Amino acid sequence: TIAYTTKRDAFGSMIASNQLMQEKLVRATAMVSSMYLLAERVTKDFMQGKCSLPAISMVKAYNTRLGREVVAICRESLGGNGILLDHGIASKFCDIESTYTCEGTYDV
């Protein structure tokens, strides 16, 4: 998404120079970082015997929900190209939907 927005030109400038687009990219990056750090923390705690299965389930549910949101932001950032398989986001959107449905624990 970052590569696309820094190369895509609209109205005479790259779309990544737009403040709204920068906010979306920062939000997505922050979400991915928090997902990674949370998964890393719960993994380390589990390896040391300090983590229970309910905590692992909560992290899994939280990360699948955030992952769904990140992919939606990235798809939005590509505009109409976000629904084309050429740029990879559409396939990631399908992947996260199946992960959210099968791995997330919100609707079970």
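The axes of helix α3 (residues 53-77) and helix α4 (residues 89-103) come within 9 Å of each other and cross at roughly 160 degrees in this predicted model. Since angles over 145 count as roughly antiparallel, α3 and α4 are therefore roughly antiparallel to each other. Their crossing is left-handed, and on the α3 side the contact is made by K60, T64, R65, G67, R68, V71, A72, C74 and R75, while α4 contributes I89, K92, F93, I96, E97, T99, Y100 and E103.

Aromatic pairs, by contrast, number zero in the structure.

On turning to the other packed pair, the reader finds that helix α2 (residues 19-47) packs with α3 at an angle of about 160 degrees, with the two axes 9 Å apart. It follows that α2 and α3 are therefore roughly antiparallel to each other, and α2 passes α3 in a left-handed crossing. The residues of α2 that make this contact include M21, M31, M35, L38 and F46, and those of α3 include I56, V59, Y62, L66 and I73.

How confident is the predictor, and which elements have the lowest and the highest mean pLDDT? The mean pLDDT of the protein chain is 86, and 95% of its residues reach 70 or more. Among the elements of the chain, helix α1 (residues 2-7) has the lowest mean, 75, whereas α2 has the highest, 94. Where pLDDT is low, the predicted coordinates should not be read in detail.

How values were computed: Residues are numbered from 1 along each chain as its sequence is written. This is a predicted model: local features need pLDDT of at least 70, side-chain atom pairs count only at pLDDT 80 or more; totals for chains, interfaces and linings use all residues. Side-chain values use heavy atoms; hydrogens and water are left out. Rings of Phe, Tyr and Trp (its six-membered ring) pair if their centres lie within 6.5 Å; planes under 30 degrees apart count as stacked, over 60 as edge-to-face and the rest as tilted. pLDDT is the predictor's confidence in each residue, from 0 to 100. Helices (H or I, at least four residues) and strands (E, at least two) are DSSP runs, numbered from the N terminus. Axes are lines fitted to C-alpha atoms, for helices over the stretch in contact, and angles run from 0 to 180 degrees between N-to-C directions. Angles under 35 degrees count as roughly parallel, over 145 as roughly antiparallel, 65 to 115 as roughly perpendicular and the rest as oblique. A crossing is left-handed if the near helix is turned anticlockwise from the far one by less than a right angle, and right-handed if clockwise. Contact means heavy atoms within 4.5 Å.
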